[in-house]
Amino acid sequence: MASSSSSSSSNDERKRRIVTALCKSKQLDPTEFLDDVVNDLKSLSLNIVKTSLENNDEFNKWVAFAENFPSDPEACSKCLTQLNEHFLEKAVLVGGGFTPSEADIIVFSTVHPYVISLSDSDKKKLPHLLRWMDYIQSTHDLGELFKRIELEKSTFNLPSWVESEPSSKKAEPDTKKAAPNAKATKSGTDMEKKSDVSKKQATGNAEAATEKKKLPEKVPDNKDAELSVTLLKIQIGLIRKASKHPSADSLLVEEIDVGEGKVRQVVSGLAKYCSPESLTNRLVALITNVKPGKLRDVVSEGLVLCASNADHTAVEPLIVPEGAKIGECVTFAGHEGKPEDVLNPKKKQLDKITPNLFTDDKGVATFKGVPFMTSAGPCTSTIPNGSVK
């Protein structure tokens, strides 16, 4: 009897720990659920998850967005534009991280059929929305599901302005004809055989010509691998100390903490634009896998990323959002891969990637329009439409 009582007490204590941890992860008060530990764990957990969704204003906002999504083209275009602006500084709908929630799936499923029906010119106006859709579709393996949805678009009961996908199958002409007599049929058959031979010869010649034209396009292009931003290891660092270079007026020497237990010494050409005092205790985005080298006899172990205007009269380190963690890596939604241990200078990888780094019209630092994201939000600059290097 004592053993049974002890086992029950142990189970209740385990449930209390689980309830407390689950409530903390869902930002709920655990005392509201601790009285229910007599229930089975499954019911307890489902109740907490359900309550967290009901009390989540952000989640409920996006559910309402999906439920009230308009069908007329003008209102739909306005909603898609607002959604595009939301993803200017966020990777997902709820929270500040990169993990999609149920809200992302709900909204993605709502807007997908409308977005795929847009013209190419209209799609180009929604780069952040398209980047998010690509991210959600790839992370949740929705490719096949939504491929079927595209083919069965009529089941969505969409408005008439949303055009259906053209059918890939063409109607086959009816070649069956009544033959007046056997002689005519034989003659017709001979004529068809001759016609088929001529068609095959013509088709063969056309295909050969087409193959010759297409030949250059079939040559594999491996350059894309060298252009991936994931080759760069961009980390958030804190400048502990900055000083003038001992032998170069245009250079500064910074000691930067990236969470390695020791500071990195970095030489940068910021002396004309920033004072050592303004850089001290500042968070920066730093490429840490460049090959160490000397600049005017001082070793440099990284590259501080800066934005600059067209004539290079204004230059500043990228602004890292408050709350970003020292040592965390900058990520790019939809781009996954392992950075090089050390970039190979002979391959000129950095030279090939940096032309695609720039700030957009709102000053958000991007790679081909995809924001530099940290756990606290995107890196930015006061210099819009500038280059980043």
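Colleague: What makes strand β1 and strand β2 a pair, and in which sense do they run, parallel or antiparallel?

Modeller: This is a predicted model. In it, β1 (residues 234-244) and β2 (residues 252-257) are joined over six bridges in the antiparallel sense. Two strands pair if there are at least two bridges between them, so with six bridges β1 and β2 count as paired. One of the contacts involves K244, whose bridge partner in β2 is L252.

Colleague: In what order do the strands of the open sheet come, and which are the edge strands?

Modeller: Five strands make up the open sheet, in the order β3-β2-β1-β4-β7, with antiparallel pairing. The edge strands are β3 (263-268) and β7 (303-304), as each pairs on one side only.

Colleague: Why is the pair F87 and W132 called stacked?

Modeller: The ring centres are 4.6 Å apart, and a pair needs centres within 6.5 Å. The planes stand at 20°, and under 30 degrees counts as stacked, so the pair is stacked. F87 sits in the loop between α4 and α5 and W132 in helix α7, 45 residues apart in the chain. Both residues are buried.

Colleague: Why is the pair F332 and F372 called edge-to-face?

Modeller: The centres of these rings are 4.9 Å apart and the planes are at 70°. Planes over 60 degrees apart count as edge-to-face, so that is the class of F332 and F372. F332 lies in the loop between β9 (315-317) and α12, and F372 in the loop between β12 (370-371) and β13 (373-374), so the pair ties together parts 40 residues apart in sequence.

Colleague: How do you know whether F332 and F372 are buried or exposed?

Modeller: Buried means under 20% relative accessible area. F332 has 6%, so it is buried. F372 has 0%, so F372 is buried too.

Colleague: Which residues have the most contacts inside the largest nonpolar core?

Modeller: They are V111, W132 and F372, in a core of 51 residues. Helix α5 (102-115) is among the elements that supply at least two residues, and it gives the largest share, six residues. A second, separate core has 14 residues, including A242, L252, I256 and V304.

Colleague: What lines the second largest pocket?

Modeller: The pocket holds about 250 Å³ of space. Of its 14 lining residues, G269, L270, C306, H312 and V315 are the closest to its centre. Strands β3, β7 and β8 (306-308) each give two or more residues to the lining. By class, the lining has seven nonpolar, five polar and two charged residues.

Definitions and conventions. Residues numbered from 1 in each chain as written. Predicted model: local features only at pLDDT ≥ 70, side-chain atom pairs only at ≥ 80, totals over all residues. Heavy atoms only, no water. Helix = DSSP H or I, 4+ residues; strand = E, 2+ residues; numbered from the N terminus. 1 Å grid on protein atoms, 1.4 Å probe; cavity = no way out; pocket = protein on both sides within 12 Å on 5 of 7 lines; lining within 4 Å. Points joined across faces, edges and corners; volume = space filled by probe spheres on them. Nonpolar A, V, L, I, M, F, W, Y, C, P; charged D, E, K, R; others polar. Core = buried A, V, L, I, M, F, W, Y, C linked by side-chain atoms within 4.5 Å. Buried < 20%, exposed > 50% of the residue type's maximum accessible area, 1.4 Å probe, protein only. Phe/Tyr/Trp six-rings, centres within 6.5 Å; stacked < 30°, edge-to-face > 60°.
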